[in-house]
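Please brief me on this protein chain.

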Amino acid sequence: MENDKYTNDWPHEWIKKIRTRPSRKGTFKKMRQVDLAKRAGVDPRTVQQWENGDRLPSIGSLKQIIQAFWEEGLFLEDAAIEEATMLWNTVKRFSEARSASGREFADFDQIWFNTLMASETVQPEAVKEVSTTPFKAAVRLRNRPSTFVGRQHSREVLTEKLIDHALISIIGPGGIGKTSFATEVASTLTARFSQGIYMFEFGTIHDAHDVYPLLLSTLGLTTQGKMSDEAVIIEAIRHYELLFIFDNCEHIIDTIAEVAEFLLMETPDLRIITTSREPLNITQELVYRLPPLSYPA
């Protein structure tokens, strides 16, 4: 059986094999690594690492790869869903085998891929008729005590790092003060992010499916007709320079990693600070391990 032929292939073999195929859409130019990098929102060196077997795509990147392959007509005719599924499962198998913490890789979202395949038959005019909720940028931070003691140096370091890094994860054990620290840092950046600072308190939810509804609610947005929640959010915030705080991420860390990666890829002016007991482990992330408070001299 054709599907069985590739069951034991390595992820890098799959990615390179599909990328270098002639397109079924009649274009004779093959997709280059730089083309795939642009579509996936990563550096061309990252694609090179994928195809050399030195690195595995994250969930968000893998979705972008599959979408690019589909839209460019690189999957085999009448076997697109089989190949997309097999590519996903191959990356999933190797990702879980290499995970030191036993982190599970999400299953292939067949509903998403079916929607992707069906989208080519949707008229652009039908999508344009749907309007998004007007977005009102604001500073919305958790109420905090009027004084904040210590960590002056840490605040200065993190503020400086946020200039060059789109995503900073504040990592530390429970009770060390990650949330208070993130809030304090954000409160000093209201002038820089005058278009909006938002805190998303993920500790209030327990299911990964509630992440996007929480984002919509906090941003004051609502679902819009046929548009996905992701599309509504991107359409609303793409032209703003915003700072998001993703608070208490560890219990749904994989979903938060995927969401953060997607938002940063689509909105280049966005900055995100996360608080968690473990990193997101995605390309754009700078990990800042919060040190404990020191004793007075």
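How many salt bridges does a search of the whole structure find? The search finds eight salt bridges, each being a side-chain nitrogen of Lys or Arg within 4 Å of a carboxyl oxygen of Asp or Glu. This is a predicted model, in which local features need pLDDT of at least 70, side-chain atom pairs count only at pLDDT 80 or more, and totals for chains, interfaces and linings use all residues. Residues are numbered from 1 along each chain as its sequence is written, and side-chain values use heavy atoms, with hydrogens and water left out.

**Overall make-up**

- The protein chain holds 13 helices and six strands. Helices (H or I, at least four residues) and strands (E, at least two) are DSSP runs, numbered from the N terminus.
- Of the 297 residues in the protein chain, 44% are buried. Buried means under 20% relative accessible area, exposed means over 50%, and partly exposed lies in between (1.4 Å probe, protein chains only).
- The accessible surface of the protein chain is about 15700 Å². Carbon and sulfur atoms account for 51% of that surface. The areas come from the Shrake-Rupley method with a 1.4 Å probe, and for residues only the protein chains shown count as cover.
- Take the contacts in the protein chain between residues at least 6 apart in sequence: 74% of them join residues at least 24 apart. A contact means heavy atoms within 4.5 Å.

- Strand β5 spans residues 271-276, and six of its six residues are buried, so the strand is largely enclosed by the rest of the structure.
- R271, I273 and T275 point one way from β5. I272, T274 and S276 point the other way.
- β5 pairs with strand β2 (residues 167-171) in the parallel sense, over five bridges. Two strands pair if DSSP finds at least two bridges between them.
- Across that pairing, I170 stands opposite T275. I171 has S276 as its bridge partner.
- Strand β4 (residues 243-247) also runs parallel to β5, joined by four bridges. Here L243 stands opposite R271.
- β4, helix α13 (residues 253-266) and β5 form a right-handed β-α-β unit. Right-handed means that, with the strands pointing away from the viewer, the path from the first strand over the helix to the second runs clockwise.

- β2 is mostly covered, with five of its five residues buried.
- L167, S169 and I171 point one way from β2, while I168 and I170 point the other way.
- β2 also pairs with strand β6 (residues 285-289), in the parallel sense and over five bridges.
- In β6, Y288 stands opposite I170. I170 also stands opposite T275 in β5.

**Helix α2**

- Helix α2 covers residues 11-19, and P11, W14, I15, I18 and R19 are buried in it.
- Seen down the axis of α2, these buried residues fall within an arc of 115°, so they line one face of the helix. The arc is that of the directions from the helix axis to the C-beta atoms.
- The cover over the buried residues of α2 includes α3 (33-40), α4 (44-52), α5 (59-71) and α6 (80-98).

- R19 forms a salt bridge with E51, with the closest N and O atoms 2.5 Å apart.
- This pair links distant parts of the chain: R19 lies in helix α2, E51 lies in helix α4, and they are 32 residues apart.
- R19 is buried, at 8% relative accessible area. E51 is buried too, at 6%.

- K92 forms a salt bridge with E96, with the closest N and O atoms 2.9 Å apart.
- K92 and E96 are four residues apart in helix α6, so about one helical turn separates them.
- K92 counts as buried, at 17% relative accessibility. E96 counts as partly exposed, at 30%.
- The side chains of D107 and K92 also meet in a salt bridge (3.2 Å, N to O).
- That pair links distant parts of the chain: D107 is in the loop between α6 and α7 (110-118), K92 is in helix α6, and they are 15 residues apart.
- D107 is exposed, with a relative accessible area of 58%.
- Salt bridges with shared partners join K92, E96 and D107 into one network.
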